[in-house]
Amino acid sequence: MGHNHTTGANKKVLLISFIMITGYMMIEAIGGFLTNSLALLSDAGHMLSDSISLMVALIAFTLAEKKANHNKTFGYKRFEILAAVINGVALILISLYIIYEAIERFSNPPEVATTGMLTISIIGLVVNILVAWIMMSGGDTKNNLNIRGAYLHVISDMLGSVGAILAAILIIFFGWGWADPLASMIVAILVLRSGYNVTKSSIHILMEGTPEHIDVTDIIRAIEETEGIQNIHDLHIWSITSGLNALSCHAVVDDQLTISESENILRKIEHELEHKGITHVTIQMETEAHNHDNDNAILCQATIEKPHDHHHH
């Protein structure tokens, strides 16, 4: 139930943010063309990537709510991660283009209508602060990759507006034409950084990497110290989407255990792992005799030092 509540809140936050950012992005793009400011245009480009990322994130949340079926047994939860990858790559491409444009302008700074540039960038900053505040107070910026990606966009966008304001002031008071491409270059580097981070985290999930914040050694110890478990092997821990971590493994148990004892052990392990951030647990129980047939049994024993050592004959 808690999950549905946060999803609902996240969607509402995304929708409000999307409307505000898209509306202002159009104003800033037109303003950038009219005032001939690359800093404003780069900020508008950044805002465009913001509004695309917000729209993709909204679609992702809506799709993720679709029920699992025979064709997609995990439902559409992974779409959120695909969205984050697209979002991250878009940011990287936009920032590279802005850097290229800025280098051109350093050698030949054009005339910039500074008053218009200053006004538009101040309003832009206010809009960004407002959207960031809405996201912080209403959305899950900590655990949800999609919301976090969109939030990072807005924060670096905010810095973009600050850059444009400073550039306008420098041109007005000192006539430093190069301040405009410099401001856009700094924005581009910030955009590049957040794009790289979002892409990296998303690809890690798509590659079924072990979730960040999960200590594999600690998980193995927790399972193996459960009474009735002799050892485990074939362990896999991965993320299906942000905040939904899964684990599967084979556990060797005593062949004298009854079904109800085995189920008690499983409940205990599931309870323990839930506290460690793993919500989806699949454990195949097997006896020592079955375990000897399995070459993979060596995997965990070779790599992890056990708290209690079991010798194999």
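Reader: What makes Asp218 count as partly exposed?

Author: Its relative accessible area is 27%. Buried means under 20%, exposed means over 50%, and partly exposed is what lies in between (1.4 Å probe, protein chains only). Asp218, at 27%, therefore counts as partly exposed. Before we go on, please note that this is a predicted model, in which local features need pLDDT of at least 70 and side-chain atom pairs count only at pLDDT 80 or more, while totals for chains, interfaces and linings use all residues. Residues are numbered from 1 along each chain as its sequence is written, and side-chain values use heavy atoms, with hydrogens and water left out.

Reader: Why are Lys276 and Asp218 called a salt bridge?

Author: A salt bridge needs a side-chain nitrogen of Lys or Arg within 4 Å of a carboxyl oxygen of Asp or Glu. The N to O distance for Lys276 and Asp218 is 3.0 Å, so the pair meets that rule. These two residues link distant parts of the chain, 58 residues apart: Lys276 is in the loop between helix H8 (259-275) and strand S3 (280-287), and Asp218 is in helix H7 (residues 216-224). Helices (H or I, at least four residues) and strands (E, at least two) are DSSP runs, numbered from the N terminus. Lys276 has a relative accessible area of 25%, so it is partly exposed.

Reader: How many salt bridges does this rule give?

Author: The count comes to 4. One of them joins the side chains of Arg105 and Asp180, at 3.3 Å from N to O. This pair also links distant parts of the chain, with Arg105 in helix H3 (residues 79-107) and Asp180 in helix H6 (residues 179-206), 75 residues apart.

Reader: Are Arg105 and Asp180 buried or exposed?

Author: Arg105 has a relative accessible area of 13%, so it is buried. Asp180 is at 1%, and therefore counts as buried too.

Reader: Where do Glu270 and Arg267 lie?

Author: Both are in helix H8, 3 residues apart, which is about one turn of the helix. Glu270 counts as partly exposed because its relative accessibility is 28%. Arg267, at 47%, counts as partly exposed as well.

Reader: Why are the rings of Phe174 and Trp176 called stacked?

Author: A search of the whole structure finds 2 aromatic pairs. In the pair of Phe174 and Trp176, the ring centres are 4.7 Å apart and the planes stand at 20 degrees, so the pair is stacked. The rule is that rings of Phe, Tyr and Trp (its six-membered ring) pair if their centres lie within 6.5 Å; planes under 30 degrees apart count as stacked, over 60 as edge-to-face and the rest as tilted.

Reader: What makes Trp176 and Trp178 a stacked pair?

Author: Their ring centres are 5.2 Å apart and their planes are at 15 degrees, so this pair is stacked. Ring pairs link Phe174, Trp176 and Trp178 into a cluster. Phe174 counts as exposed because its relative accessibility is 53%, whereas Trp176, at 34%, counts as partly exposed. Trp178 has a relative accessible area of 38% and is partly exposed.

Reader: Which residues make the nonpolar surface patch?

Author: They are Phe106, Ile169, Ile172, Phe173, Phe174, Trp176, Trp178, Leu182 and Ile186, and the patch covers about 870 Å². Helices H5 (145-174) and H6 are the elements that give two or more residues to the patch. H5 gives the most, with 4 residues. Patches are made of residues with over 30% relative accessible area and no salt bridge: like charges are joined within 9 Å, and nonpolar side chains (Val, Leu, Ile, Met, Phe, Trp, Tyr) within 5 Å. The accessible areas come from the Shrake-Rupley method with a 1.4 Å probe; for residues, only the protein chains shown count as cover.

Reader: How do you know that strand S1 is largely enclosed by the rest of the structure?

Author: S1 (residues 229-241) has 13 residues and 11 of them are buried, so it is called largely enclosed. S1 is joined to strand S2 (residues 244-253) by 9 bridges, and the two run antiparallel. Two strands pair if DSSP finds at least two bridges between them. The hairpin of S1 and S2 has 2 residues between the strands, and Gly243 takes a positive phi near 75 degrees there.
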